[in-house]
Amino acid sequence: MMTTPVTIIGAGLGGLTLARVLHVNGIPATVYEADSSAEARTQGGQLDIHDYNGQLALEAAGLMEEFRAIIHAGGAASRVLDSRGTVLAEMPDDGTHGRPEVLRGDLRRILLNSLPAEAIYWGRKVTGARSLGDGLHEVTFAEGPAVTTGLLVGADGAWSRIRPLLSDAKPRYTGTSSIETFLHDADERHPAAAKAVGGGAMYALSPGKGIIAHREAGNILHTYFELHCPEEWVAGIDFTDAAAIAQVAAELQGWAPELTALITDSDTAPVPRPIYTLPDGHRWDRTPGVTLLGDAAHLMPPSGEGANLAMLDGAELAKAIAANPGDIEMALTTYEQGLFPRSDAAYADANETVDLFLGDQTPFKIANLFTTALNAPHEEPAQS
């Protein structure tokens, strides 16, 4: 019988999957989340959930029926354009690709709804964590009492407050930033941009910069402008100032207007998102009573795998705990023996994806991969 309390820091997809799969196995867990409520902030855009990791986690969570109900039909279609708006390659969504698209917020909602309400403490921002010895740890919060636990899991993302218990590694800037925009009522108000994006994902790419856009439910175009640039350049732009977008648009001089409109015509203030990574192959020595999952464990450039990996991490950790309820160290050892090589492979794929999207051979290299994938449907290009 499991007698050690499981304490999870972070109610993102990975932490919630861990809590849910533990719940399915009759093991209680408590999740502490900094946000004041589930609706405190938007949860990002569309995710492609893969049949070889994210969907396996949802199967372990017993949530495949709920997952199928939130799939954006047709959303897995993809196209590659050059900077002039010419379509170089296109892949339809015929339902056979094994990576359907869903909104992150919808996915988080079905996980939240699958847990007892008392399992999650909202408004509990971690201020510190320390070892008490013998596998025990104390976590303190900005509000609310401290918690002592015999099994602490850091599922608290890129800037994890739990990671320092295990590792000195800190996120570093990758040299690339992303600027996020939204166009609403796209077909009516932004028809040229909507036509360029098509029914799913659109990649308009050139060396060092690219526009990645998704058509989301509700006639929304959700766009990320990726740019190799100094971190200081992005930090120096006041994105609440409407005139500031001209500084970004200047980086797209000569691009087709239907593509630049995805940035310049945003219906919301653009949001800068510098991209950070932990060192390739990040790992740590086995430390009693504590481990990490998701971005806290293996933050890497976006390659379409981050959410999928976090959910699989959560499911695999839960299964290891369920299989070793009386031996926490065996459970954590088993989990980390699978986590580290899985993370290594994902880092390699992420670095390859960055080169594919923004390297010297873009957009033609990715267009060729799309063309190849059409002839061999199981060999799909990476998607974000």
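Which residue in S7 does Val 31 stand opposite?

1. Val 31 stands opposite Ile 120 in S7. The model is predicted, so local features need pLDDT of at least 70 and side-chain atom pairs pLDDT 80 or more, while totals for chains, interfaces and linings use all residues. Residues are numbered from 1 along each chain as its sequence is written, and side-chain values use heavy atoms, without hydrogens and water.

2. S7 and strand S2 (residues 29–32) run parallel and are joined by two bridges; strands pair if DSSP finds at least two bridges between them. Strands are DSSP runs of E, at least two residues, and helices runs of H or I, at least four, numbered from the N terminus. The open sheet has five strands in the order S7-S2-S1-S11-S17, with parallel pairing. Strands S7 (120–121) and S17 (290–292) each have a single partner strand, so one side of each lacks a neighbour in the sheet.

3. Seven strands form an open sheet of mixed pairing, ordered S5-S4-S13-S14-S15-S12-S16. Its edges are strand S5 (87–91) and strand S16 (271–277). Strand S14 (residues 209–216) and strand S15 (residues 220–228) run antiparallel, joined by eight bridges. His 214 stands opposite His 222 in S15.

4. The axes of helix H1 (residues 13–24) and helix H4 (residues 104–113) come within 9 Å and cross at roughly 25 degrees. Axes are lines fitted to C-alpha atoms, for helices over the stretch in contact, and angles run from 0 to 180 degrees between N-to-C directions. H1 and H4 are therefore roughly parallel (angles under 35 degrees).

Key. Parallel < 35°, antiparallel > 145°, perpendicular 65-115°, else oblique.
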